[in-house]
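Welcome! Please open the sequence and the 3D view side by side, and we will walk through them together.

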Amino acid sequence: MKLTVLTDNTTRIDAYYAGEPGVSYYLEDGDTRILFDTGYSDVYLRNAEKMGIDLTDLTAIVFSHGHDDHTRGLLYFPRTARPVTIYAHPGVLEQKRCDGLMIGMALTQEELEKRFTLKLSREPVQLSEKLTFLGEIPRTVDFEGKEPIGERFDGVSWQPDYLLDDSALAYRGEEGLWIIAGCSHAGICNIIGYAKKVCGEERICGVIGGFHLLEMTPRVEKTAEYLSKVRPKHLCPCHCTSFHARAAIHGRVPIEEVCVGDALVLR
């Protein structure tokens with residue numbers, strides 16, 4: 001499978017792609033063509049056009065969670081000849097706010113259903129022979145996924161948001177699993193552990209995505225320790241992973257820099 005980075009916080013010199021604090025990946029697996037997250041604006045579309053990628057011929061769009069730095073780009077998605085299927089956790093549609101700002105999905109369910117086919121699931125969904133949407137991630141690791149980020153509206157009142165809608169993809173390759181995450185609000189260690197269980201595979205070949213490690217807390221060292229035991233061949237923390245967190249992880253497990261325009265072949 002081929003993964004192309006359409007949107008990320010980081011760009012490469014002389015590549016001349018736009019960047020923003022968001023995530024969008026384009027995945028090609030045989031006849032399967034998936035857009036994983038859409039970033040915050042139309043940056044993913046402008047970059048895809050420069051890269052010669054046609055996003056009007058998608059098999060599906062998958063959302064990692066409902067925050068607007070991963071979903072708002074859908075406002076700019078071009079109309080297609082046939083409805084595109086969106087896969088996500090049901091909680092992706094909930095209103096979300098943080099410090100007085102609305103940070104959730106910009107489109108309502110009614111608006112989405114006018115243009116897209118919605119397939120919302122808490123359970124894992126097989127997207128292709130080797131690619132799985134993990135659904136709701138169990139929070140089993142004691143140092144991850146314990147703190148709320150803002151609030152969610154449950155239809156009646158505002159409640160602490162533990163981002164239960166946060167999910168990821170798992171690709172089963174010849175050398176083991178590739179984990180493709182958005183922000184890892186569920187915890188990257190929780191995600192890896194659940195992917196192993198769902199896919200029946202202990203080997204982790206690679207991990208790419210945001211780890212939501214913004215400050216140097218004990219969680220960073222515990223994450224680094226966990227990853228040192230998993231020992232993925234390719235480790236690509238990006239987006240919401242601070243320099244200091246990456247440095248701490250790199251001290252235990254070598255990491256690889258990934259920027260907008262980079263294409264990875266997942267084996």
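This is a predicted model: local features need pLDDT of at least 70, side-chain atom pairs count only at pLDDT 80 or more; totals for chains, interfaces and linings use all residues.

Residues are numbered from 1 along each chain as its sequence is written, and side-chain values use heavy atoms, with hydrogens and water left out.

Let us begin with the sheet. Strands of a sheet pair through backbone hydrogen bonds, either parallel or antiparallel. Here, four strands form an open sheet in the order 7-6-11-12, with antiparallel pairing. Strands (E, at least two residues) and helices (H or I, at least four) are DSSP runs numbered from the N terminus, and two strands pair if DSSP finds at least two bridges between them. Strand 7 (101-102) and strand 12 (158-160) are the edge strands, each pairing on one side only. Strand 6 (residues 96-98) is joined to strand 11 (residues 151-153) by two bridges, and R152 in strand 11 is the bridge partner of K96.

Now to the aromatic rings. Rings of Phe, Tyr and Trp (its six-membered ring) pair if their centres lie within 6.5 Å; planes under 30 degrees apart count as stacked, over 60 as edge-to-face and the rest as tilted. By this rule there are three aromatic pairs. One of them is the stacked pair of Y25 and F36, 6.2 Å centre to centre with 15° between the planes. Because Y25 lies in strand 2 (residues 24-29) and F36 in strand 3 (residues 32-36), this pair ties together parts that are 11 residues apart in sequence. Y25 and F36 are both buried, that is, under 20% relative accessible area, where exposed is over 50% and partly exposed lies in between (1.4 Å probe, protein chains only).

The rings of F153 and W158 have centres 5.3 Å apart and planes at 55°, so this pair is tilted. F153 is partly exposed at 24% relative accessible area, and W158 is partly exposed at 24% too. R97 lies over the face of W158, at 4.1 Å from the ring centre; a charge sits over a ring if NZ of Lys or CZ of Arg is within 6 Å of the ring centre and within 35 degrees of the ring normal. R72 lies over the face of Y40, at 4.6 Å from the ring centre.
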